[in-house]
Amino acid sequence: MTMRKVAVIGVGDTKFGELWDASFRDIGIRAGLSAVEDANITAEKIDAVFVGNMSAGRFIEQEHIGALIADYAGLARDHIPATRVEAAGASGGLALRQGYMAIASGLHDIVVVGGAEKMMDVSDVASAFIQSSAADQEWETELGATFPSLHALIARRHMHEHGTTREQLADVAVKNHRHGSMNPKAQFQKEITRDTVIGSLMVSSPLRMFDCAPSSDGAAAVVLCPLDQAKKYTDSAVEIAGTGQASDTLALHHRRDILAFDATRVAAERAFKMAGVAHKDIDVAEVHDNFTISEILAIEDLGFFKKGEGGKATEEGRTSLEGDVAVNTSGGLKARGDPIGATGLAQAVEIVTQLRGKAGKRQVKDASVGLTHNVGGTGATAVVHVFRRF
Amino acid sequence: MATAPRFWRQNQSRYNMVGIRCDSCGRNFFPPRAICPVCHRKSVGKMVPVKYKGEGKIFSFTEVHDGLDERASLKPYTVAIVELDEGPKVTGQVIDCEPCDIEIGTRVRSVLRKLSEEGSAGVIHYGYKFVPVKGK
């Protein structure tokens, strides 16, 4: 059996941030509806829905998210399959991959993939506790680790082995806030300086408040169909040319090397091979910068820079809008915001927008191949997609 | 927060640093697991519990300022990945020292301490933490 090629024919998202006036189902429907309008399809066309969500059970005490979203999308009478997908921070990316497989296999023709998280209805303390469950609850969290502290352990060791500096970590946040200042959907649209980062509150040394992505409410969605049917709906379809997913040990301390996310490397290799591209072909990339150190690891593990040189490359501006590869043009998790289950879809929305040439002030000139990189936990799950202008 | 039975099941490893060795390849793992990730099915039935000495060195560390609620009274506190002499790495707190007293490579040994408690009248959970080995 040969697989069918898959295209994105519509994208939609909400603003990310503190959305006090909107519930989980409100934001899910807003994003889905705008993606469906963008794709120019009617509800009867939708064959299936996948929803990426990490922890609605603990954030809003609601499980059974698939049926909930299909219901409030007005699809209850159509009885379509609606499936929730979970892999902590990689939930959205995995949902996209499930949608891809449903189309590629020939099972469905039109699939809506959404991602949503409503984080602001709980306190900061409760939110931190929920986020820590992406790590190993029994052998990391119970022993005193927090989610930021695990990334701090990576940062300290990266500085020790590779000479990465405190300033280089700050440069990731400075760049992503600058990109976010050009994104009207971003949670933070203000530029910051190195001093903002280095003078901010200590969270877990060496990481400070401005090294960490915020808690956010938000949702994002895409509409997928077979590539050979895309022209029926839109002139601005974007092909998903490759998909790769990989797993690794749940606990950070069990990794072959805590300074390399092997799951990222393997997922990228699989996606690149499928798409017939290499890292040097990527014009624009949305990578999983839940902490500044995470972006440095990502740009190394994806192959853009040698291991240990990610900090230097960032300092030299090689990952900025005007650099060798434009990384996190949306502002990334750091500035656009990180509503966990929505993040993987928000990345896809940004890359499709870039490849359509519709990214406004943050547009990467002549972008034709883009990449999304979504991580769960401290790298136990990674998913990479390659997008191509069509 | 783990309930009493969830915690109690792991007491052998938490109290006594009992890990497991694969008799097929000789590799050590902590905490115990049923299958060796190198030998796969060949390891089934050949995983042997081993009590570790509880000594090792700091592989990386961080001072946690923004910890979870139940450890609020400890803040800031130090968390490290410790590389045990038997091979496995574990995550745990480093206590009885200032963060400036330790660095990557500092020798530590495990001690039994209180990890957390379930409210003022609930079960107290104990387990390993690490202290620097003086003079090393």
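Let me begin with how axes are treated: they are lines fitted to C-alpha atoms, for helices over the stretch in contact, and angles run from 0 to 180 degrees between N-to-C directions. Helices (H or I, at least four residues) and strands (E, at least two) are DSSP runs, numbered from the N terminus. The model is a predicted one, in which local features need pLDDT of at least 70 and side-chain atom pairs count only at pLDDT 80 or more, while totals for chains, interfaces and linings use all residues. Residues are numbered from 1 along each chain as its sequence is written, and chains are lettered from A and ligands numbered from 1 in the order in which they are written.

I turn to the helix pair. In chain A, the axes of α4 (residues 91-104) and α14 (residues 340-355) come within 5 Å and cross at roughly 60°. The two helices, α4(A) and α14(A), are therefore oblique to each other; angles under 35 degrees count as roughly parallel, over 145 as roughly antiparallel, 65 to 115 as roughly perpendicular and the rest as oblique. On the α4(A) side, the contact is made by A:Ser91, A:Gly92, A:Gly93, A:Ala95 and A:Leu96; the residues from α14(A) include A:Ile340, A:Gly341 and A:Ala348. Contact here requires C-beta atoms, placed from the backbone, within 7 Å. By class, this contact has six nonpolar, six polar and no charged residues. Ala, Val, Leu, Ile, Met, Phe, Trp, Tyr, Cys and Pro count as nonpolar, Asp, Glu, Lys and Arg as charged, and the others, Gly among them, as polar.

Next, the domains of chain A. Domain 1 covers 6-123 + 216-238 and domain 2 covers 134-213 + 242-389, with bounds from an automatic or database domain assignment. Their centres, taken over C-alpha atoms, are separated by 23 Å. Each domain of chain A gives 36 residues to the contact. On the domain 1 side, α4(A) supplies the largest share, eight residues. That side divides into 19 nonpolar, 12 polar and five charged residues.

Chain B is divided into domain 1 (16-51) and domain 2 (53-136). Here 25 Å separate the centres, taken over C-alpha atoms, and five residues of domain 1 of chain B are in contact with eight of domain 2 of chain B.

Finally, the chains together. Between them, 25 residues of chain B are in contact with 25 residues of chain A. On the chain B side, β4 (55-64), β5 (77-84) and β6 (89-94) are the elements that give two or more residues.

Methods
Contact = placed C-beta atoms within 7 Å.
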